[in-house]
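Here is a friendly walk through the model, one topic at a time. Please keep the 3D view open as you read.

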Amino acid sequence: MKLVSIVAALALVEYAVFFILAGRARGRYGVAAPATTGHPIFERYFRVQLNTVEQLVIFLPALFMCAYFANEGMASALGLVFILGRALYARAYIVDPAKRGPGFLLTIASNFLLLLGGIVGVILEFE
Amino acid sequence: MKLVSIVAALALVEYAVFFILAGRARGRYGVAAPATTGHPIFERYFRVQLNTVEQLVIFLPALFMCAYFANEGMASALGLVFILGRALYARAYIVDPAKRGPGFLLTIASNFLLLLGGIVGVILEFE
Amino acid sequence: MKLVSIVAALALVEYAVFFILAGRARGRYGVAAPATTGHPIFERYFRVQLNTVEQLVIFLPALFMCAYFANEGMASALGLVFILGRALYARAYIVDPAKRGPGFLLTIASNFLLLLGGIVGVILEFE
């Protein structure tokens, strides 16, 4: 589980970058805590961060389940697709939220396949 | 840990459904990203999704801890109660947020018991 | 992994307290679901809870990776620093959001070190 752990750590580093960018945008665009709205550009950074949380909640357990019950190499490859998709999503979202589609679909698709791989893998183990 | 892994995967599938429903509501009720407010029905779907994230953060580690350190069958049964509670919660919330109580309490209670089971189990292992 | 599991469970108990406090503040300050804004004091409690979710997403996997691939005692100690930092953060945030800095930095720093420890640990295992 070393390979897939590195992939998980990379996804967390990417998320930490989103977290830092959102914090910086809070200062730059003058949105004082506890508000999470008030400036459209800050809201983009904040949504990039929070949407990543919303997806990591599936990604992290599905990644390890897929690696453990199905195949670690396949899970790691799908994990890299997820990380790439998140980067594309974030870059597009900051420029124009309407263009976030392709990166978003890439992360949704890899999450779906990881979850499917994990479920199929664990069911086959029962035989 | 196969049984409890399937229960975890089921909870993730349920969450993915909430995620998709919130995305669809965003389009249907005309709430353009990055906004997360603007139409009361969309806000219900979005809160169902986000509140599930807020609870999965306890549920997933507590489920595996309870299965590993206490009893896998008990953890799996409590996990199914959580999944059922979330379904009741989501259905009630969409119709009328004031009626979300029973489903909410079911998920809170199962999370509490899973966490308690995990903590008691790990403490007993130290003996 | 017993020691680090107890630390993880403690962090979840702390988060559950934030969850309960935010729920109570919702009632006390008259913010009816699905709204998450409307009263500045409720918004503080809600942000304390949600920001903790945003950090637990790194904390929980990084804690276990650091314990597993690097050193369990070190990971557990950093985990306790995280829990303490979150308590300071929550207390300061409720009184005055502008004073949340020190507790926030403590949790960011421990998360950073846990993630670094996990990454270095897993890379060294490849040798």
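B:Phe42 and B:Phe46 sit four residues apart, about one turn of the helix, and both belong to helix 2 of chain B (helices are DSSP runs of H or I with at least four residues, strands runs of E with at least two, numbered from the N terminus). A pair of aromatic rings is described by the distance of the centres and the angle of the planes.

Over all chains, the structure holds 21 aromatic pairs. B:Phe42 and B:Phe46 make a stacked one, with 5.8 Å centre to centre and 25° between the planes. Here rings of Phe, Tyr and Trp (its six-membered ring) pair if their centres lie within 6.5 Å; planes under 30 degrees apart are stacked, over 60 edge-to-face, and the rest tilted.

## About the model

This is a predicted model, where local features need pLDDT of at least 70 and side-chain atom pairs count only at pLDDT 80 or more, while totals for chains, interfaces and linings use all residues. Residues are numbered from 1 along each chain as its sequence is written, chains are lettered from A and ligands numbered from 1 in the order in which they are written, and side-chain values use heavy atoms, leaving out hydrogens and water.

## How the chains are related

## Where chain B meets chain A

Contact (heavy atoms within 4.5 Å) joins 21 residues of chain B to 26 residues of chain A. Between them the chains bury about 1,800 Å², 80% of it on carbon and sulfur atoms; this is the accessible area (1.4 Å probe) that two parts lose on being put together, summed over both. B:Lys2, B:Phe19 and B:Pro34 supply 31% of the area that chain B buries against chain A, more than any other three residues.

Helix 1 (2–28) and helix 2 (40–70) of chain B each supply at least two residues of the side that touches chain A. Helix 1 of chain B gives the most, with 11 residues.
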